[in-house]
Amino acid sequence: MLTPSQVRLLAGSPAHRPRLSTDSLFLPPPGSFQYTGPLDEAVRFIQEHQLLDAELWARFVRQFRTEADKDLGWRCEYWGKLMRGGSLIYAYTQDARLYRQLEDTLRDMLTAQDPLGRFSCYPVEVEFQGWDLWGRKYILLGMEFFYDICQDQALKAQTLEAMLRHAGYILEHIGPGPGQKDIRQTSNFWEGMNSSSLLEPIILLYNMTGEQRLLDFAGYIVEQGGILSANLFRLALEDKLEPWQYPVTKAYEMMSCFEGLLEYARAAGKPEWAQAAVNFGRRVMDSDITIIGSAGCTHELFDHSRLGQADPAFTGIMQETCVTVTWMKLCCQLLLYTGEPVFADHIERSAYNALLGAVNRNQVPRDPLSPNGWLPFDSYSPLRAGCRGQAVGGRMVMADNTIYGCCAAIGAAGLGMAPAASALLRRDGLALCLYLPGVMSLPAPSGQKLQLTVDTGYPVEEQVILSLSLAEPEEFTLALRCPEWCAAPQAALNGSALSANPGWLELTRTWRDGDRIELVFPMEVRALGSWQLGPDGEALPPHVALCRGPLVLAREQSLGGAAAGSPVHFQNNEKGWVAAHRAKSDELPFPAMLGVWAETAEGPLLLADYASTGQDYDQAMEAWMPTSRQ
């Protein structure tokens, strides 16, 4: 039974989030954070250059009016993906211009609903094929996330009615009944796994309405198991295989299905399915997530990437931005459910490396048909010697002869989710997950306002100073994440030293205005080695990667020294870490979060943080560098 104060604590949760005691942590209300730093800069860049582009939104809506996916394409996903991302970013920035744009495009989209209740780019005669249900999924997700921030009650009612008509048409035609179509047979891709990911928005709509037919339909999707040749959810519950060993291994779509499974477990009161989602997340973490926080080193598939990420045999696309963002979203779900800090560690890794690296901050032209000549997010991230910008993931030509891509549309959701997960509510207090410079305004368990000022240069600087401001003293728990990469974190409360280890540092006390916490996370440069065997048992060339704090370092041609792809042999200092020191900003030929001079047998080598390298798309860069076996 929740206490009245706990009910108030949960009252700020979005409409599509469960408000019961299934979870350990809870999302804060919109507008809780005012940050600065590299993540905030990326958010505001995307807001200005993508989300406030009225013509881009109009172009996406036009695909629905013209039934643009007659060729069984996926133009139908762009609007909903971007709407979800835009809504998450508005929840953070609270920018009135962005809200007006999102409301305008929603009103425009509502006029594109056909007389049958469908929002679809597929004509009726070819519906429920290809990516049709996938696109209808994203319509629901985009509207559901905007619903949470909508300020117009009449518009909310109109949106909810439109979503129910849209979902109702699907329920009439998909299911186990006479004349209905098996959801797994509504796509000829990935054994219907893309269609089965409809599970998530159906449950979110159930959370908003309580309509039993929606919960029943979600149960049907779970029973079908996601694909034709196996039940993915039962495979995860049995926990005997890694996801790369499943019959279908498409990473992005599979993680989307498991996001929906966890939502279903919450809503239906079926903890076994929550355990399946947790098992799946841990398996992905252990078998497929690479040093930059993405997955898939052979195209966009689970492929045991953690082992194969330094294998030079495959030279094609890898580390898809859609996979990065969906992994971050799944980690957020698992963090909320379990409260385990390892999922926050992974959000941090993905955000600062793979995701920030995908932001096309230099606005480099990528495709002559791109709107404005460029796309805001790159689709793939090289780990070994290669260039960014090699392909546009999910590229489709639209009716006006412009193109867009799946990764360009999804990236904003990752940038909006990171600040949302930076500090979460607990029943007995707060949990600080990411250390972003700025101010947090959050409710304490009693309901009074708690302000936390975060003074830090993290993830580059080692020190984080937290200052509390609250009107009345109050006892609660403040849980502080000490990152898993930091073996010896240091902490002090009002000048008195505390014992700290990787994981949660939980401080339960009566907090007072002016209390001050100091955290120090020593950031030595550490080397990660890759020594492995190929498929025939032959020894593969060894590689080494360097990390400092949560940041992966990378070599790039313009930094000087040996070219990417040439062997390098790093030297250790007397403590066993890589001998290295910080570079000055004027020693770097491009803006970067971090520059490092590392000592090698060949002389000093200048490296920069992975996200800042390769940003002009024609300079080869690499995180995994060839070396010799040591």
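**Figure 1. Helix α2 (residues 38-51) and helix α5 (residues 96-110) have axes that come within 11 Å and cross at roughly 40°.** This is a predicted model, in which local features need pLDDT of at least 70, side-chain atom pairs count only at pLDDT 80 or more, and totals for chains, interfaces and linings use all residues. Residues are numbered from 1 along each chain as its sequence is written, and side-chain values use heavy atoms, with hydrogens and water left out. Helices (H or I, at least four residues) and strands (E, at least two) are DSSP runs numbered from the N terminus. Axes are lines fitted to C-alpha atoms, for helices over the stretch in contact, with angles from 0 to 180 degrees between N-to-C directions. The pair α2 and α5 is therefore oblique (under 35 degrees is roughly parallel, over 145 roughly antiparallel, 65 to 115 roughly perpendicular, the rest oblique). The crossing of α2 past α5 is left-handed (the near helix is turned anticlockwise from the far one by less than a right angle; clockwise is right-handed). On the α2 side, look for Gln-47, Glu-48 and Leu-51; on the α5 side, Arg-97, Leu-98 and Gln-101 make the contact (heavy atoms within 4.5 Å). Sorted by class, this contact has two nonpolar, two polar and two charged residues (Ala, Val, Leu, Ile, Met, Phe, Trp, Tyr, Cys and Pro are nonpolar; Asp, Glu, Lys and Arg charged; the others, Gly among them, polar).

**Figure 2. Helix α2 also meets helix α16 (residues 342-358), with axes that come within 11 Å and cross at roughly 30°.** Here too, α2 passes α16 in a left-handed crossing. Pro-38, Leu-39 and Ala-42 of α2 meet Ala-351, Tyr-352 and Leu-356 of α16. The tally by class for this contact is six nonpolar, no polar and no charged residues.

**Figure 3. Seven antiparallel strands make an open sheet.** Follow the order β1-β6-β7-β8-β13-β10-β11 across the view. At the edges sit β1 (33-35) and β11 (496-498), each pairing on one side only (two strands pair if DSSP finds at least two bridges between them). From one strand to the next, the twist averages 20°. Zooming in, strand β10 (residues 490-493) pairs with β11 in the antiparallel sense over three bridges. Ala-492 has Ala-497 in β11 as its bridge partner.

**Figure 4. Four strands form a second open sheet, with mixed pairing.** The order in this sheet is β4-β5-β9-β12. Its edge strands, β4 (423-426) and β12 (503-511), each pair on one side only. On average, neighbouring strands are turned by 20° against each other, direction ignored. Strand β5 (residues 429-432) runs antiparallel to β4, joined by four bridges. Within this pair, Ala-423 stands opposite Leu-432 in β5.

Figure 5. Most residues other than glycine have a negative phi, and most peptide bonds are trans. Tyr-458 and Pro-459 are joined by a cis peptide bond, with omega about 15°. Glu-67 is not a glycine, yet has a positive phi of about 50°.

**Figure 6. The protein chain has an average pLDDT of 94** (the predictor's confidence in each residue, from 0 to 100). A score of at least 70 is reached by 95% of the residues. Over residues 1-12, however, the pLDDT is below 50, and this stretch has 20 contacts in the model beyond near neighbours in sequence.
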